[in-house]
Amino acid sequence: MLRGRRARRAQAIAQATVAVAVEAVVPRTVAAGARAGLRRSRRTLRPVGRLDRRITTAVGRLPSTPADDALLALTRSANHSWLWLATASVLAAGTRRTRRGATRGVMAIGLASLAANIVLKPVFPRRRPAADLLPVARSLPDRPTSSSFPSGHSASAMAFAVGVALESPRTGLVLAPLAATVAYSRIHVGVHWTSDVAVGSALGAGIALLTQRWLPRRPIDEAIARPYANAPELVDGEGLSMVVNSGSGRPGTDPVSEIAERLPKAHLVRLDPGDDLVALLKEAAGHPGTRALGIAGGDGSVAAAARIAEDLDLPLAVMPAGTLNHFGRDVGVYDLQEVVDATGAGEAVAVDIAELHAYSSSTGPDGGERVVFVNTASFGGYPEMVRMREKWQDRWGKWPAASAALILTLWHARPLRCRIDGVETPVWMLFVGNGPYAPSMRQRSGWARHSVAISAADAAGNLPQRSCHFSRSRTISG
């Protein structure tokens with residue numbers, strides 16, 4: 001028994017000794033491997049370091065010019081991205097594209113700064129260029145003490161410029177030289193090596209492209225349209241009579257005052273709740289000196305204005321100020337700035353309008369009403385749902401009212417009997433589109449109009465028929 005216990009104790013001690021030895025060897029092996037890898041990487045990057053030093057030395061030998069002070073001021077203005085945040089605030093006051101560009105640019109700056117300053121600088125420490133490589137007058141008095149690699153200023157500059165360019169290419173072309181100058185200024189004032197700036201710039205540009213994963217670029221929504229060459233040039237709105245829905249536009253903003261500021265010579269007619277839109281449109285069109293009719297409102301208001309403009313043979317200026325603004329998006333008009341630009345330059349497109357002749361069995365085809373529309377005409381459950389939503393949305397809010405209206409409409413709806421191309425078919429809803437519509441992923445509804453230049457009407461015959469199983473549910477799911 002005693003011998004067996006001693007043997008087991010000796011065996012346990014031997015195993016523990018081996019384990020301790022292994023545990024001691026493994027860290028030394030890992031550390032040695034890391035040091036060897038670091039030495040190899042340093043040997044590989046030595047040519048890059050020599051090139052950096054030659055470039056910095058050459059920059060230090062450049063003669064002094066007034067550009068030195070300008071570059072010093074520019075590189076300081078980019079500290080903490082103040083230069084780019086100020087630029088973003090200016091872009092935010094511009095068009096829809098520049099606003100989206102400012103949003104994407106600021107988002108890219110945040111991600112690039114995180115990657116450069118929080119992640120890469122601690123992982124890859126590098127000394128900054130020696131102060132004696134550059135003249136004292138050109139050097140920053142408050143030199144940074146963090147790692148030189150990579151350049152955070154360059155990363156932020158390129159991130160913002162590329163982010164803006166993704167949404168507004170023209171604005172991006174303007175910002176690109178400024179971003180490149182900021183990046184070079186970090187070399188000129190002696191706080192970064194050239195490779196630091198190159199890697200930082202590539203990092204910023206790459207992160208700006210990566211923002212498309214979280215903030216997808218909006219594709220061009222404009223449908224195909226025929227350019228119209230004979231539109232009048234209405235500089236500052238001279239010759240334009242526009243009816244403005246006082247309840248449209250951004251919350252808390254008077255659209256009449258905003259339009260009057262941008263189009264000071266236009267004749268504006270305010271549309272208040274309870275006013276007769278058609279009467280005001282006719283009044284605006286009859287104003288002396290009117291060369292074009294304008295409307296600021298939603299798709300319904302645009303349709304009413306299109307009928308008056310077509311009857312009087314006047315060009316129509318559309319200022320989208322409704323909820324969805326399908327027509328404005330299709331012709332490429334998104335905001336007031338684009339209206340100002342188009343009317344001032346006399347740029348216009350020719351589009352088709354569609355009309356229906358609605359009559360009852362009592363009036364017959366000779367009676368009834370002429371209805372003009374620019375997007376779609378709908379029959380069945382959808383118009384009923386819209387009427388319910390508009391009735392309830394002031395009390396409940398738009399989307400709760402829309403959800404309740406949809407459920408109630410589907411519960412009580414009865415199918416329509418329609419004759420399309422000679423075939424009688426029961427359907428829940430019928431949409432007649434002005435121009436060809438096709439499935440598209442760019443619109444939330446899944447359908448988009450690809451042209452407003454083809455005189456054709458699309459009848460939506462793909463909606464669930466009465467004979468289909470679970471047809472009401474399919475109406476919701478599409």
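## Close-up views of a predicted model

**Figure 1. Overview of the whole chain.** Among contacts between residues at least 6 apart in sequence, 68% join residues at least 24 apart. The model shown is predicted. The chain holds 15 helices and 15 strands. Of its 478 residues, 39% are buried. The chain exposes about 27400 Å², and carbon and sulfur atoms supply 60% of that area.

**Figure 2. The second largest pocket.** This pocket has a volume of about 1400 Å³. It is lined by 45 residues; the closest to its centre are Leu316, Val333, Glu347, Ala348 and Val349. The lining has 27 nonpolar, eight polar and 10 charged residues. Elements that each supply at least two lining residues include helix α4 (96–123) and strand β5 (316–320). Helix α12 gives the most, with six residues.

Figure 3. A search of the whole structure finds seven salt bridges. In one of them, the side chains of Arg99 and Asp335 meet at 3.7 Å, N to O. Arg99 sits in helix α4, Asp335 in the loop between α11 (326–330) and α12, and the two are 236 residues apart. Arg99 is partly exposed, at 35% relative accessibility. Asp335 is at 10%, so it counts as buried, the cut-off being under 20%.

**Figure 4. Glu167 and its two arginine partners.** Glu167 forms a salt bridge with Arg100, with the closest N and O atoms 3.3 Å apart. This pair links helix α5, which holds Glu167, to helix α4, which holds Arg100, across 67 residues. Glu167 also forms a salt bridge with Arg104, where the closest N and O atoms are 2.7 Å apart. Arg104 lies in α4 and Glu167 in α5, so this pair ties together parts that are 63 residues apart in sequence. Glu167 is buried, at 5% relative accessibility. Arg104 is buried too, with a relative accessible area of 0%. Arg100 is partly exposed, at 24%.

**Figure 5. Asp52 in helix α1.** Asp52 lies in helix α1 (residues 2–60). Its relative accessibility is 2%, so Asp52 counts as buried. Leaving out residues up to four places away in sequence, Asp52 touches Arg126, Trp193, Thr194 and Ser195. A network of salt bridges links Asp52, Arg126 and Asp196.

**Figure 6. Ser156 in helix α5.** Ser156 belongs to helix α5 (residues 152–167). It is buried, with a relative accessible area of 4%. Not counting residues up to four places away in sequence, Ser156 touches Ser81, Trp84, Ile109 and Ser113.

Methods
Residues are numbered from 1 along each chain as its sequence is written. This is a predicted model: local features need pLDDT of at least 70, side-chain atom pairs count only at pLDDT 80 or more; totals for chains, interfaces and linings use all residues. Side-chain values use heavy atoms; hydrogens and water are left out. Helices (H or I, at least four residues) and strands (E, at least two) are DSSP runs, numbered from the N terminus. Buried means under 20% relative accessible area, exposed over 50%, partly exposed in between (1.4 Å probe, protein chains only). Contact means heavy atoms within 4.5 Å. Accessible areas come from the Shrake-Rupley method with a 1.4 Å probe; for residues, only the protein chains shown count as cover. On a 1 Å grid over the protein atoms alone, a cavity is a set of points where a 1.4 Å probe fits but cannot get out, and a pocket is an open set with protein on both sides within 12 Å along at least five of seven lines; lining residues have an atom within 4 Å of a point. Grid points are joined across faces, edges and corners, and a volume is the space filled by probe spheres set on the points. Ala, Val, Leu, Ile, Met, Phe, Trp, Tyr, Cys and Pro count as nonpolar, Asp, Glu, Lys and Arg as charged, and the others, Gly among them, as polar. A salt bridge is a side-chain nitrogen of Lys or Arg within 4 Å of a carboxyl oxygen of Asp or Glu.
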